[in-house]
Amino acid sequence: IDNELKGRNLMFFNGELIKWEGSNLIFLDKEGNDKWVKDFPFQDPQIILGDKFIYVMDKSTGDIYKVTKNGDTQLRIQLKQPIFNLKEEKGYIIAHIKDLEDKLVFFDSVGSTIIDIPIEGNVLTYSIDNDGKNFVYSILNTDESNLESTLFQHKKDSQVIKLDINNEIIL
C-alpha cells in the first residue's frame, strides 16, 4: 500500500483495509485501490467497527448507518439527538445519549428499540446478554470523601436490580 495511505484515518476491518477521507468511507483492495466508496455528508462523523458490520454515525444528529463489507446499507437508525458513544455487542446496538437527559438505548439487529433507560451519573460501562433480555451498566459517583460505583441490571420485564459498591470502580 502506498505510503501516503498509511496512518491517518485507516482501519482494519475483518482483514480488509478501510479509510475515511473527507465524507467518504472507502474499502481498499490489497493494492490500495478503491474497492467501493460510500458518501456520508455528516457534521460530526464517527466510525465504529463491529463484529460483522461497520457503523457510521453522525454524533451531532444521531444518524446511524449499519454498513456491510460490500458497502450496502443494511440499516439506518435516526435518533434525532446527539450520540455520545455507540457500541455493538452480541449483534445488538447500544447508543449512549447525552442530551437534555442521559440515557442508554438498546436496539436489536434490525434497529427496533428493545429498551430505553434514563440514567443519572457518570456512566462507566454497559452491556447486554446474549438473549437481549438483561441490560447492565455501571455509574460512578464521587464526592469529596467518597467514591462509589453502582451497578444496575435492568430486565426486559422492567425489573431493576441495583448494587452499590464503595471505594471501587466497576468497568
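Here is a chat about a sheet and some salt bridges in a predicted model.

Visitor: What kind of model is this, and how are residues numbered?
Guide: It's a predicted model, where local features need pLDDT of at least 70 and side-chain atom pairs count only at pLDDT 80 or more, while totals for chains, interfaces and linings use all residues. Residues are numbered from 1 along each chain as its sequence is written, and side-chain values use heavy atoms, with hydrogens and water left out.

Visitor: Okay, which strands form the open sheet, and in what order?
Guide: Four strands do, in the order β5-β6-β7-β8, with antiparallel pairing. Strands here are DSSP runs (E, at least two residues), numbered from the N terminus, and two strands pair if DSSP finds at least two bridges between them.

Visitor: What do strands of a sheet pair through?
Guide: Backbone hydrogen bonds, either parallel or antiparallel.

Visitor: Which ones are the edge strands?
Guide: β5 (45-49) and β8 (73-78), and each pairs on one side only. Neighbouring strands of this sheet are turned by 15 degrees against each other on average, direction ignored. For that, axes are lines fitted to C-alpha atoms, and angles run from 0 to 180 degrees between N-to-C directions.

Visitor: How many bridges are there between β6 and β7?
Guide: Five, linking β6 (residues 54-58) with β7 (residues 63-67) in the antiparallel sense. Met57 stands opposite Ile64 in β7.

Visitor: New topic: how many salt bridges does the structure hold?
Guide: Six. A salt bridge here is a side-chain nitrogen of Lys or Arg within 4 Å of a carboxyl oxygen of Asp or Glu.

Visitor: Which residue does Asp63 form one with?
Guide: Arg76, with the closest N and O atoms 3.1 Å apart. Asp63 lies in strand β7 and Arg76 in strand β8, so the pair ties together parts that are 13 residues apart in sequence.

Visitor: Is Asp63 buried or exposed?
Guide: Asp63 counts as buried, at 14% relative accessibility, whereas Arg76 is partly exposed at 41%. Buried means under 20% relative accessible area, exposed over 50%, and partly exposed in between (1.4 Å probe, protein chains only).

Visitor: Which residues are linked in a network of salt bridges?
Guide: Lys87, Glu89 and Lys90. The side chains of Lys87 and Glu89 meet at 3.0 Å, N to O, and the closest N and O atoms of Lys90 and Glu89 are 3.0 Å apart too.

Visitor: And what about Glu89, buried or exposed?
Guide: Glu89 is buried, with a relative accessible area of 12%.
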